[in-house]
Amino acid sequence: LQEFARQAEDYAMKFPKDSNRSIPLLFTAAERCEMNGLMEEAVRAYTVIAQKFPKHPAAEVAVSVVRRLKMNGRRIKLYGTTIEGRNVSLEQHAGKPGVVYFWNSVADSAVKQMAEVNDAVKKYGNRIAVIGVSLDEKQETLEAFLAKEKLAWPNIFNTDEEKRAWNNPIVKFSGARRIPPTWLTDAGRPVMPTS
């Protein structure tokens, strides 16, 4: 993987006008490195995308992913409004370990993993904090799902239709690229993003 990342970076340096090949190569290398714990290599590959192809839409994504990778061990602000209009934030849960769970009601993998999150909430009750970030596109879809499932944690949902799903500012800022990314927090430490 390290060699693959190096070769992808080398290709982008040698052929700076070939974004059609360079960007997919770099993203693939960066994602594989990230999934296998090679964070330095992942950051370097994402950074090459942002630096060599700054006007390409992929550059914005790469910058946000690098931001997420550098969040580990740092305090961040995460806040939003639930579908019911309540304000929710990580700061409200200071001192508790917890989970920030990105999901949508039509992603089977996210819905299946919800059972594990629900089990943790049942087991630990108020000793942990869970905040969901819904990436549903339609409010009606989310409302129907929440009415059926009765989740035991608040879920941030953007009321602005233009800022839902993958256009959600939290998602764009944090570089979440697939569902369900999960962030773990502990009582005295900041967020530890995983994807």
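Biologist: Which element of the protein chain has the highest confidence, and which has the lowest?

Modeller: This is a predicted model, and its protein chain averages a pLDDT of 89, with 95% of the residues scoring at least 70. Confidence is highest in H1, at 97, whereas the lowest mean, 50, belongs to strand E7 (residues 192-193).

Biologist: Are H1 and H2 roughly parallel or roughly antiparallel to each other?

Modeller: The axes of H1 and helix H2 (residues 19-35) come within 9 Å and cross at roughly 155°. Since angles over 145 degrees count as roughly antiparallel, the pair H1 and H2 is roughly antiparallel.

Biologist: How many nonpolar residues does the contact of H1 with H2 have?

Modeller: H1 passes H2 in a left-handed crossing. On the H1 side the contact is made by Phe4, Ala5, Ala8, Glu9, Tyr11 and Ala12, and on the H2 side by Arg21, Ser22, Leu25, Leu26, Thr28, Ala29 and Cys33. By class, two of these residues are polar and two are charged, and the number that are nonpolar is nine.

Biologist: What is the orientation of H1 and H3 to each other?

Modeller: The axes of helix H1 (residues 2-14) and helix H3 (residues 39-52) come within 10 Å, and they cross at roughly 15°. Angles under 35 degrees count as roughly parallel, so the orientation of H1 and H3 to each other is roughly parallel.

Biologist: How many charged residues does the contact of H1 with H3 have?

Modeller: From H1, the residues Gln2, Ala5, Glu9, Ala12 and Met13 meet Glu41, Arg44, Ala45, Val48 and Lys52 in H3. By class, this contact has five nonpolar residues and one polar residue, and its charged residues number four.

Biologist: Does Ala129 count as buried or exposed?

Modeller: Ala129 lies in strand E4 (residues 129-134), and, leaving aside residues up to four places away in sequence, Ala129 touches His93, Lys96, Pro97, Gly98 and Val99. Its relative accessibility is 9%, and, because the cut-off for burial is under 20%, Ala129 counts as buried.

Biologist: How far apart in space are Ala129 and Thr185, C-alpha to C-alpha?

Modeller: In sequence, Ala129 and Thr185 are 56 residues apart. In space, C-alpha to C-alpha, the distance between Ala129 and Thr185 is 8.9 Å.

Biologist: Lys150 and Ala165 each have a positive phi; which one counts as exposed?

Modeller: Phi is near 50° for Lys150, which lies in the loop between helix H6 (139-149) and strand E5 (155-156). For Ala165 phi is near 55°, and Ala165 is found in the loop between E5 and helix H7 (169-174). Ala165 is buried, with a relative accessible area of 8%, whereas the residue that counts as exposed, at 62% relative accessibility, is Lys150.

Conventions
Residues are numbered from 1 along each chain as its sequence is written. This is a predicted model: local features need pLDDT of at least 70, side-chain atom pairs count only at pLDDT 80 or more; totals for chains, interfaces and linings use all residues. Side-chain values use heavy atoms; hydrogens and water are left out. Axes are lines fitted to C-alpha atoms, for helices over the stretch in contact, and angles run from 0 to 180 degrees between N-to-C directions. Helices (H or I, at least four residues) and strands (E, at least two) are DSSP runs, numbered from the N terminus. Angles under 35 degrees count as roughly parallel, over 145 as roughly antiparallel, 65 to 115 as roughly perpendicular and the rest as oblique. Contact means heavy atoms within 4.5 Å. Ala, Val, Leu, Ile, Met, Phe, Trp, Tyr, Cys and Pro count as nonpolar, Asp, Glu, Lys and Arg as charged, and the others, Gly among them, as polar. A crossing is left-handed if the near helix is turned anticlockwise from the far one by less than a right angle, and right-handed if clockwise. pLDDT is the predictor's confidence in each residue, from 0 to 100. Buried means under 20% relative accessible area, exposed over 50%, partly exposed in between (1.4 Å probe, protein chains only).
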